[in-house]
Structures are given as structure tokens and as C-alpha cells.
Amino acid sequence: MPGVFGITLVALLAASAILWLRHDEEVDRGPVAVATERAVSFFSLDHRHARDGVDKMLSLATGKFNEEYVAEADQIVAVVEK
């Protein structure tokens, strides 16, 4: 019985270490903070660095929004730069 307990303890410690090392900052900050950051990125494009802002937003976008944003990216940059 002590051997089983020891093996279980080692497995739990190993799993904890792996989870700690693979820790994701976005999980800590919470979904509201992450959504706020992404919304700010989307709505605050700087006309001097429009392409950088659009590229940053593309790196955050997923799914259908990403597809639509990719299709409109050049037009968005042109409008923001004007």
C-alpha cells in the first residue's frame, strides 16, 4: 500500500509541475481582460502604423471573423492611413 501511495504522490506532483510550467497568462487574467485587450486592439488603429495594428488583430482573430478580416485587411489599412 505505501508503494501505491508513493507512486500516486509522484504522479500528482509531476502533473502539477507540468501544469505549472504550461501556465497560460490569458487564463489568469480572465476572459473579460482578454476580450478588453482584443477590443482595444481592434478599435484603436494608429494611422501611422495601420498595417501593424491590422496584423496584430489578425493574430488574435479566429474563425469566421478572421476570414472576413483577412479579406478586408488591405481596405482597412487604406482607410485608416487616410
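This is a predicted model: local features need pLDDT of at least 70, side-chain atom pairs count only at pLDDT 80 or more; totals for chains, interfaces and linings use all residues.
Me: How are the axes of helix α3 and helix α4 placed, and at what angle do they cross?

Reply: Angles over 145 degrees count as roughly antiparallel. Here the axes of α3 (residues 50–60) and α4 (residues 63–81) come within 9 Å and cross at roughly 165 degrees, which makes α3 roughly antiparallel to α4. The crossing in which α3 passes α4 is right-handed.

Me: Which residues make the contact, and how do they divide into nonpolar, polar and charged?

Reply: On the side of α3 the contact includes Val54, Met57 and Leu58, and on the side of α4 it includes Phe65, Tyr69 and Val77. The residues of this contact divide into 11 nonpolar, one polar and three charged.

Me: How many salt bridges does the structure hold, and which one links distant parts of the chain?

Reply: A salt bridge needs a side-chain nitrogen of Lys or Arg within 4 Å of a carboxyl oxygen of Asp or Glu. The structure holds four salt bridges, and in one of them the side chains of Asp74 and Arg51 meet at 2.6 Å, N to O. This pair links distant parts of the chain, since Asp74 lies in helix α4 and Arg51 in helix α3, 23 residues apart. Arg51 and Asp74 also belong, with Asp55, to a network of salt bridges.

Me: Is Asp74 buried or exposed, and what of Arg51?

Reply: A relative accessible area over 50% counts as exposed, so Asp74, at 56%, is exposed, whereas Arg51, at 32%, is partly exposed.

Methods
Residues are numbered from 1 along each chain as its sequence is written. Side-chain values use heavy atoms; hydrogens and water are left out. Axes are lines fitted to C-alpha atoms, for helices over the stretch in contact, and angles run from 0 to 180 degrees between N-to-C directions. Helices (H or I, at least four residues) and strands (E, at least two) are DSSP runs, numbered from the N terminus. Angles under 35 degrees count as roughly parallel, over 145 as roughly antiparallel, 65 to 115 as roughly perpendicular and the rest as oblique. A crossing is left-handed if the near helix is turned anticlockwise from the far one by less than a right angle, and right-handed if clockwise. Contact means heavy atoms within 4.5 Å. Ala, Val, Leu, Ile, Met, Phe, Trp, Tyr, Cys and Pro count as nonpolar, Asp, Glu, Lys and Arg as charged, and the others, Gly among them, as polar. Buried means under 20% relative accessible area, exposed over 50%, partly exposed in between (1.4 Å probe, protein chains only).
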